[in-house]
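Here is a note for a colleague who is meeting this structure for the first time. Please keep the sequence and the model in view while reading the points below.

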Amino acid sequence: MKKWSSSFSSMADSKRFLLVFLICTVLSESGIVAEVKQTQGRAEPFVGVNIGTDVSNLLSPADLVAFLKLQNIGHVRLYDADSDILKALARTKIRVIVSVPNNQLLAIGSSNVTAATWIGRNVVAYYPETLITAIAVGDEVLTTVSSSAPLLLPAIEALYSALVAANLHTEIKISTPHAASIILDPFPPSQAFFNQTLNPIILPLLQFLSKTGSPLMMNLYPYYVFMQNKGVVPLDNSLFKPLTPSKEMVDPNTLLHYTNVLDAMIDSVYCSMKNLNVTDVMVLVTESGWPSRGDSKEPYATIDNADTYNSNLIKHVLDHSGTPLHPELTSSVYIYELFNEDLRSPPVSEANWGLFHGNSTPVYLLHVSGSGTFLANDTTNQTFCIAMDGVDARTLQAALDWACGPGRANCSEIQPGEGCYQPNNVKNHASYAFDSYYQKEGRGSGSCDFKGVAMITTTDPSHGSCIFPGSKKISNKTKEAINGTEASGAAEQLRLVTVGSQINKGSHIFWAFVAFFVVHYSFLL
């Protein structure tokens with residue numbers, strides 16, 4: 001994983017701009033959707049995880065696989081081809097990408113025999129008991145070890161030939177992950193193009209991927225786009241947060257509206273490929289994530305932002321959201337990463353990208369309910385919002401009044417004579433009301449705060465006949481009440497969306513030129 005040296009503020013000259021605009025304006029009519037689907041099939045998009053091993057006290061391979069199964073994680077990417085992990089993955093349904101480290105490219109790219117030996121030892125020896133689905137050759141080679149760039153495609157082709165010899169070339173794809181910085185002028189997406197100095201390598205690589213039905217692997221980090229363009233790229237756009245139409249980013253050439261940075265980055269890749277006349281290669285996001293902790297220079301590396309980004313990313317992919325340019329194509333994404341790699345060198349954020357600590361306890365409480373089975377057995381998927389200890393009764397009462405009033409929480413169960421009225425104190429009643437609001441809001445980030453008097457817990461606060469809204473022991477009476485509240489909330493959201501859509505039709509943000517974009521957002525903020 002490396003940072004993206006963004007060229008957000010750069011502009012193409014007028015001739016290049018016009019050329020790329022003409023190309024990408026007709027992109028949606030070019031048949032790319034049909035071509036990609038014909039080549040790539042109709043596999044469901046998924047969310048996987050990257051597994052780095054710079055972790056003190058890393059789980060044993062057997063325990064690691066048991067943990068993956070517990071979390072219903074079905075896709076993983078390794079940064080090597082660890083034999084113990086591959087053995088432990090045997091006879092599971094977990095699909096794995098194995099990797100050729102950058103320091104092995106020279107040997108493999110220089111010798112077909114070495115490539116065949118690598119395939120024999122790291123793929124043939126385990127497949128099909130271990131479901132190896134792809135080989136990632138190197139990692140961000142073109143931008144981090146440019147001296148090895150001339151050997152990248154020869155290494156890929158040599159490994160592919162070895163797959164053909166083993167009759168595995170139709171089962172296992174082969175590609176190489178790239179940093180987003182191989183694309184210049186990425187915003188707006190319609191004028192994006194590959195760094196032309198890399199075209200002698202990228203074009204034949206794309207032709208190879210097209211011929212073999214393999215994806216273009218990209219490491220895409222909205223976090224770095226935001227950090228390097230603060231004041232230009234709003235935080236909400238980077239975190240997939242809901243936006244008013246006036247804050248959506250609009251490509252002035254296609255008039256497509258972008259509600260998040262990742263979609264814009266993916267579409268910039270598609271436009272860049274189209275610029276080289278490649279229209280049948282799917283984008284696979286091999287890395288994306290958000291750090292939960294950073295040093296003083298990374299104030300936005302927080303637990304709340306990491307939770308928001310990764311939770312919303314999971315929902316975005318599993319909802320088949322696609323992108324504005326290609327709504328029918330949803331790229332699968334591998335989250336960076338499963339564990340905090342506490343042995344990584346500074347900055348602090350490098351050791352804090354994980355969903356879990358090395359001992360398998362969660363770093364933060366993901367909010368992934370309604371997103372299928374992915375991470376469904378994580379204890380964080382059953383969370384509750386309760387009143388904090390030590391808060392004075394007057395402050396709690398004010399928060400309780402808001403939850404049951406403007407917050408529209410279902411407070412019927414804390415009325416006299418109902419199941420959660422006892423014990424009759426403000427802390428008990430506030431906890432129930434807080435949890436009702438929290439569950440109604442889908443356990444979204446920021447929905448358990450109440451001006452700092454509430455906290456999230458994984459311990460079910462239900463007691464006796466009092467069943468809290470988030471409990472799996474929920475009674476039919478409470479369930480009906482909650483569902484009624486949620487339905488009412490959904491109706492209100494639908495009205496807002498309808499109004500927003502009407503506003504959206506008349507909204508124009510000419511985001512192509514950074515100067516205007518900065519002025520526009522400084523006005524909004």
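1. The model is a predicted one, and its protein chain contains 17 helices and 15 strands. Of the 525 residues in the protein chain, 54% count as buried. Among the contacts between residues at least 6 apart in sequence, 73% join residues that are at least 24 apart.

2. A helix pair deserves attention next. Helix α6, which covers residues 112-124, and helix α8, which covers residues 149-165, have axes that come within 8 Å and cross at roughly 60°. That angle makes α6 oblique to α8, and the crossing of the two helices is right-handed.

3. Which residues of α6 and α8 make the contact? On the α6 side they are Asn112, Ala115, Ala116, Trp118, Ile119 and Val123, while α8 contributes Ala158, Leu159, Ala162 and Leu163. Sorted by class, the contact of α6 with α8 has nine nonpolar residues and one polar residue, with no charged residues.

4. Helix α8 can also be checked for its length. Its 17 residues, at 1.5 Å a residue, should span 24 Å, and the C-alpha atoms at its ends are 25 Å apart, which agrees. Just after α8, asparagine 167 takes a positive phi of about 60°.

5. When neighbours within four places in sequence are left aside, asparagine 122 is in contact with Ala81, Leu86 and Ile132.

6. The last point concerns a loop. Proline 362 lies in the loop between β13, which covers 333-335, and β14, which covers 384-387, and its relative accessibility of 28% makes proline 362 partly exposed. Between proline 362 and asparagine 340 there are 9.9 Å in space, taken from C-alpha to C-alpha, although the two are 22 residues apart in sequence.

Terms used
Residues are numbered from 1 along each chain as its sequence is written. This is a predicted model: local features need pLDDT of at least 70, side-chain atom pairs count only at pLDDT 80 or more; totals for chains, interfaces and linings use all residues. Side-chain values use heavy atoms; hydrogens and water are left out. Axes are lines fitted to C-alpha atoms, for helices over the stretch in contact, and angles run from 0 to 180 degrees between N-to-C directions. Helices (H or I, at least four residues) and strands (E, at least two) are DSSP runs, numbered from the N terminus. Angles under 35 degrees count as roughly parallel, over 145 as roughly antiparallel, 65 to 115 as roughly perpendicular and the rest as oblique. A crossing is left-handed if the near helix is turned anticlockwise from the far one by less than a right angle, and right-handed if clockwise. Contact means heavy atoms within 4.5 Å. Ala, Val, Leu, Ile, Met, Phe, Trp, Tyr, Cys and Pro count as nonpolar, Asp, Glu, Lys and Arg as charged, and the others, Gly among them, as polar. The expected span of a helix is 1.5 Å times one less than its number of residues. Buried means under 20% relative accessible area, exposed over 50%, partly exposed in between (1.4 Å probe, protein chains only).
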